[in-house]
Amino acid sequence: MSWDTYKALTFSFPEVDLSLDLSRLGLPEGYFDSQRGAFAKAFASMDELEQGAIANPDEGRMVGHYWLRDANLAPNDELKETINSSVAKIKAFASKVHSGELKGANGTFTDVLVIGIGGSALGPQFIAHALGVPSEDKAQVHFFDNTDPDGMDLALNAIGDRLGNTISLVISKSGGTAETRNGMLEAQKAYADMGLDFAKHAVAITGVDSKLDKVAIDEGWLERFEMWDWVGGRTSVLCAVGLVAAALQGLNIQALLDGAAAMDKVTRAKEIEKNPSALLALAWYYATNGKGEKDMVILPYKDRLLLFSRYLQQLIMESLGKEFDLDGNVVNQGIAVYGNKGSTDQHAYVQQLREGVPNFFATLIEVLKDRNGPSMEVEPGVTAGDYLQGFLLGTREALAEKDRQSITLTVAEINEASVANLIALYERAVGFYASLTNINAYHQPGVEAGKKAAGIAIELGKAIVETLEANKGEALDAPTIAEKLGQPESTELVFKIALHMAANAKAGISKIDGANWHEAKFLVLA
């Protein structure tokens, strides 16, 4: 790669201490010019979104996550006041907790348990991991981010006998999310088992008048924070969803908001070369042929950014993975996202990236500052951080040698501002890419379909229990149970559900092994 090419295709944004290198994408000469018309429409659509237009037509909603970090942009005074008062309320609540004005049953709060899933967990997890310093944090943050009982046990074991010093944040916009409801019930039991009143340790982050909101009011929970229908879960980290936990942890939430606002300002530029989010969206569009033909591999060379790829999986895949475009055409859009961290990946999947199927483009994230304070030399004149950069540069070059595309994103250091910069950078890149491909980035019908299917499985499980109890002492295989239920087409589902029930001895169900896996029989002993 020539120096001239590098200079021509590397773009710096000193206002946010960030640079973006597209020199290893193989962009053809004149590509920016060929996309200016499409980006003019994308810029206009983003302006309309920020001004309060209905940007999510399928649900008839505004899309207002950009207002969260600059309430002056909100389309009316009521929303502006709602946003500002929410931030003030979060800061005041955290101050009362840190000062000891608000205490748990066993004294000062030392831990926070976040109960949520998807956008209600991924963003808070990313921020907590990226910015936390356990020896300095004002509270340790734990997560129920799934409906996995063993995972909940792990979190509770980490908290141990400090449960009486733990605030539980229950996060669900609708208040009816099954996974979050399950986590809340498991937490309530854990508190009760220790003779503690869950309500005196609980905070609801939810929509006004939701099921959860009503429970929090009826039971007298510590506090309630509002979620709004104009903020999607995957873009909610800079409202109460992420800010309450961050504030309790002791992070500077104003610096987070200011960092995002600073990136928002830069990414409002109406010229591709002066807008890092536009450049990212253009890079994705070129690398994937505008059709998701290649995967996005995220390789942050910084342990603190380990969870960034998980956070981006939801932000990008849930936003861009759509069957239909805005005109109702079947397009099956999307970009698959995966990643881990450098230089761990030197020893994992970089081998395939360099020499296997060329079905990806990589984004290498470079952080210039190694640590707070000086580093020792691991050999004369060389630090561990020098090696980390060396591995990044080596991977970048090794990929280029095999004509594998990569983007290099460089930031100065990891702090509240830079983490928020990254969040805001990718949020707007997603919006621009959605405009280029004419899709709705702000709804998620596929997620709802999965929830519906899960509900069907739960109801089928109840019917299986009733059938086995009605035939106590009789061993029935899956086809027989399905036949008795009048659902022979659901035999496979019946088998899977009964197998899980037997493994957990639910309702006294046992399994008798057959000659083959699928020939097992299930019964409730008389």
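Which residue in S12 does proline 300 stand opposite? I found isoleucine 365 there.

Before going on, I noted that this is a predicted model, where local features need pLDDT of at least 70 and side-chain atom pairs count only at pLDDT 80 or more, while totals for chains, interfaces and linings use all residues. Residues are numbered from 1 along each chain as its sequence is written, and side-chain values use heavy atoms, with hydrogens and water left out.

**Entry 1**

Strand S10 (residues 295-300) and strand S12 (residues 360-367) run parallel and are joined by 6 bridges. My labels are DSSP runs numbered from the N terminus: helices are H or I with at least four residues, strands are E with at least two. Two strands pair if DSSP finds at least two bridges between them.

The open sheet has 6 strands in the order S1-S2-S13-S12-S10-S11, with mixed pairing. Strand S1 (10-13) and S11 are at the edges with a single partner strand each, so one side of each has no neighbour in the sheet. From one strand to the next, the twist averages 20°. For angles, I used lines fitted to C-alpha atoms as axes (for helices over the stretch in contact), with values from 0 to 180 degrees between N-to-C directions.

Next I looked for helices on this sheet. Helix H11 (residues 276-287) packs on it and touches S1, strand S2 (18-21), S10, S12 and strand S13 (406-411). The direction of H11 makes about 20° with that of S2. H15 packs on the sheet as well, touching S2, S10, S12 and S13, and its direction makes about 145° with that of S13. Contact here means heavy atoms within 4.5 Å.

**Entry 1: the cores**

I then checked the nonpolar cores, meaning sets of buried Ala, Val, Leu, Ile, Met, Phe, Trp, Tyr and Cys residues joined through side-chain atoms within 4.5 Å. Buried is under 20% relative accessible area, exposed is over 50%, and partly exposed is in between (1.4 Å probe, protein chains only).

The largest core has 112 residues, and Leu169, Trp284 and Tyr426 touch the most other members. Helix H15 (residues 416-437) gives the largest share of this core, 13 residues. Leaving aside neighbours within four places in sequence, I listed the contacts of leucine 169, which include Val112, Ile115, Val203 and Leu248. A second, separate core has 21 residues, among them Met184 and Ala216.

**Entry 2: the three-stranded sheet**

Another open sheet has 3 strands in the order S14-S16-S15, with antiparallel pairing. Strand S14 (476-477) and strand S15 (509-512) are its edges, each with a single partner strand, so one side of each lacks a neighbour in the sheet. S15 pairs with strand S16 (residues 521-524) over 4 bridges. Across that pair, serine 510 has leucine 523 in S16 as its bridge partner.

Helix H16 (residues 445-470) lies across S14, S15 and S16, at about 70° to S16. How do H16 and H18 cross? Their axes come within 10 Å and cross at roughly 70°. That makes H16 roughly perpendicular to H18, a label for 65 to 115 degrees; under 35 counts as roughly parallel, over 145 as roughly antiparallel and the rest as oblique. Ala457 and Leu460 of H16 are among the residues making the contact, as are Leu493 and Ile497 of H18.

- Aspartate 209 has a positive phi of about 70° though it is not a glycine. Aspartate 209 is exposed, at 54% relative accessible area.
- Asparagine 438, in the loop between H15 and H16, has a positive phi of about 60° and is not a glycine either. Asparagine 438 is partly exposed, at 25%.
- The peptide bond from glycine 342 to serine 343 is cis, with omega near 0°. Serine 343 sits in the loop between strand S11 (337-339) and helix H13 (350-355).
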